[in-house]
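This explanation leads the reader through one interface between two chains. Please keep the sequence and the structure in view while reading.

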4 protein chains.
Amino acid sequence: MKSVMIRERVRYAETDQMGVAYHGAYAAWFEIGRTAFCREKGVVYADLERQGWALVVVELEAQYKRPLRYDDAFEIWTEVTEAKSKVVEFAYRLLRGGEVCATGRTKHLFVDIRTFKPASAPAEVVEKLLR
Amino acid sequence: MKSVMIRERVRYAETDQMGVAYHGAYAAWFEIGRTAFCREKGVVYADLERQGWALVVVELEAQYKRPLRYDDAFEIWTEVTEAKSKVVEFAYRLLRGGEVCATGRTKHLFVDIRTFKPASAPAEVVEKLLR
Amino acid sequence: MKSVMIRERVRYAETDQMGVAYHGAYAAWFEIGRTAFCREKGVVYADLERQGWALVVVELEAQYKRPLRYDDAFEIWTEVTEAKSKVVEFAYRLLRGGEVCATGRTKHLFVDIRTFKPASAPAEVVEKLLR
Amino acid sequence: MKSVMIRERVRYAETDQMGVAYHGAYAAWFEIGRTAFCREKGVVYADLERQGWALVVVELEAQYKRPLRYDDAFEIWTEVTEAKSKVVEFAYRLLRGGEVCATGRTKHLFVDIRTFKPASAPAEVVEKLLR
């Protein structure tokens, strides 16, 4: 199972008065990695929602190793560490110039987007994520 | 027509590397003022959406006069400058210690929340906003 | 060691198209809890930075149990679970109407704000946080 | 004077419960356009700050014409409409599939980054922006 990479740059909006990227911005970066990963594997997440499923986040963790700064170009590497009909886990690594600046993990449940009750994802979706 | 005031504090998340509040954060502050204004006038905006209307922003402007800094306590003063069945305009003033730090204005259209097509708001809603 | 509570409301800006608060918004809420906790214990974080220290986040985790929605009023309860001259850990609980909606934890290092190198905090600061 | 284009995609974090991009997100998109414009013209904004100047925003306006949605790919077109030693104005157009979705304008003052007092920018910087 290969990881998927997408490039980003730190926005001015994402800095804080310490002069580095705000730690809360990483959740959105992980989400960009996730969206790119899914697209690459043939799962367009926007379509999944249109079809009635949502992938809600139930756990998030991040480890910050080196600060990212305004205008830094960095890479978001995403992989799936678990994918079942009800649960998916993603792992993330943020790299700048070959150095790991942060790592993270998110755990998600598939739910019915109208009720937010757990709902099994189509087998095809799970298969694609595991490819 | 009286303006409505709500107090806020600058979050660390809202600062940028200039050491002041990021200019993009003000849109969310105006929106907090707007929500407070509507509630005070008897219009719970969340209910309005549940009933099928949305108040989309079509214009935004902000004038920044004095920087706000992390942990600064400030006041958001909001008033309605125009309210018709299809259009509403709000004006905002942000004050810290009696000094105006920023002003702004937003223009909104009432739309059907499912189609995003213009839709007249209930007369009762417009009346309340103008009270 | 008592926990400190501060009230917040979900902003429209913090919702996402699932119709709930975006999971990335919680980092800023934890930070609001942290700022309130420190102030209550006599440590004004803004002053700490002016004196040359910063408390950088090295780990963040969050568990999402029940979605928060636009305009929901909720409470952020913060406590210190560890405080030494170099490391501080905070734990958070978000409650709405007595129900726990999310929990979290952050780990921080004291650093010299100019160099970002680890630096021992003044003993007085650590004592206050542990009070 | 040519405008500069940079591509972006709407993040999930940038949507709100109306199911479209939050209007407050556009300020950060304009800023991305501005950074790209400056870089293209040979002015690395991060360097400018390191050399002691900041370009503070004193006015912002945005006109929203068509909603952008999650995962939409769009273009940010930026141009300078005025550049003097003390004042710079940028104009923005956001396009998706050839259609203008939003327009905007920001006005900036050059200030000394330590004091926030107005300060003339190096002539070379202004010349490059006008090229």
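The paragraphs below describe the contact of chain D with chain B. This is a predicted model, in which local features need pLDDT of at least 70 and side-chain atom pairs count only at pLDDT 80 or more, while totals for chains, interfaces and linings use all residues. Residues are numbered from 1 along each chain as its sequence is written, chains are lettered from A and ligands numbered from 1 in the order in which they are written, and side-chain values use heavy atoms, with hydrogens and water left out.

Chain D brings 26 residues to the contact (heavy atoms within 4.5 Å), and chain B brings 26 residues as well. Between them the two chains bury about 2000 Å², with 60% of it on carbon and sulfur atoms; buried area is the accessible area (1.4 Å probe) that two parts lose on being put together, summed over both. D:Met18, D:Leu60 and D:Phe116 supply 29% of the area that chain D buries against chain B, more than any other three residues.

On chain D, the side that touches chain B draws at least two residues from each of α1 (26-40), α2 (45-50) and β2 (53-64). Helices (H or I, at least four residues) and strands (E, at least two) are DSSP runs, numbered from the N terminus. The most comes from β2(D), with eleven residues.

Strand β2 (residues 53-64) of chain B is joined to β2(D) by five bridges, and the two run antiparallel; strands pair if DSSP finds at least two bridges between them. Here B:Gln63 stands opposite D:Glu59.
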